[in-house]
Amino acid sequence: MAHLAVALLAFAMLSVVFAGPGWWALLLVIPVMLSLVIVRYRTTADRETVTARTLLGSEKLRWDDIDGLRFGRRAWAVARRRDGTEISLPAVTFATLPLLAAASGGRVPNPYD
């Protein structure tokens, strides 16, 4: 669905690009970058590890290294490590928490149970 929104944005920008000077075609870089962000930002989890992928890198954590999860002002969950540092879990929202709970093998409680 997110890529569909980016495609609609690109289509809407075409009228501006065709109406303006030739260098305005550079505006089409914006939808390309948005699609790149959509593809890169994600959190994958299995029974042993959680991998948080951002635009420029990724970080893998073992479930045993995670002390807890919290939801703050941002839309995504934040994992608190045992050493006190925190890492954002892209695309993990309160609505998708049951999927993370299932992948964790019971380490994360399902709030809807």
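This dialogue goes through the overall build of a predicted model and then one of its loop residues.

Biologist: Which elements does the protein chain have, and in what order do they run from the N terminus on?

Modeller: The protein chain of this predicted model has three helices and six strands. From the N terminus on, the order is α-α-β-β-β-β-β-β-α, with strand 6 at 86-89 and helix 3 at 97-103.

Biologist: How should I read the radius of gyration of the protein chain?

Modeller: The value is set beside that of a compact globule, which for 113 residues would be near 13 Å, whereas the protein chain has 18 Å. Along the principal axes, the C-alpha atoms fill a box of roughly 55 × 30 × 25 Å.

Biologist: What share of the residues counts as buried, and what does the accessible surface come to?

Modeller: A residue is called buried when its relative accessible area is under 20%, and 23% of the 113 residues of the protein chain count as such. The accessible surface comes to about 7,600 Å², and carbon and sulfur atoms make up 64% of that surface.

Biologist: How far apart are the mean positions of the positive and negative charges?

Modeller: For the 13 positive and 9 negative charges of the protein chain, the two mean positions lie 6 Å apart.

Biologist: What is the phi of alanine 91, and where is its place in the chain?

Modeller: Alanine 91 is not a glycine, yet has a positive phi of about 70°. Alanine 91 sits in the loop between strand 6 and helix 3, and counts as partly exposed because its relative accessibility is 43%, a value between the cut-offs of 20% and 50%.

Key:
Residues numbered from 1 in each chain as written. Predicted model: local features only at pLDDT ≥ 70, side-chain atom pairs only at ≥ 80, totals over all residues. Heavy atoms only, no water. Helix = DSSP H or I, 4+ residues; strand = E, 2+ residues; numbered from the N terminus. Rg over C-alpha atoms; globule rule 2.2 N^0.38 Å. Buried < 20%, exposed > 50% of the residue type's maximum accessible area, 1.4 Å probe, protein only. Areas by Shrake-Rupley, 256 points an atom, 1.4 Å probe, with all protein chains shown as cover. Lys, Arg positive; Asp, Glu negative; His and termini not counted. Charge placed at Lys NZ, Arg CZ, Asp CG, Glu CD.
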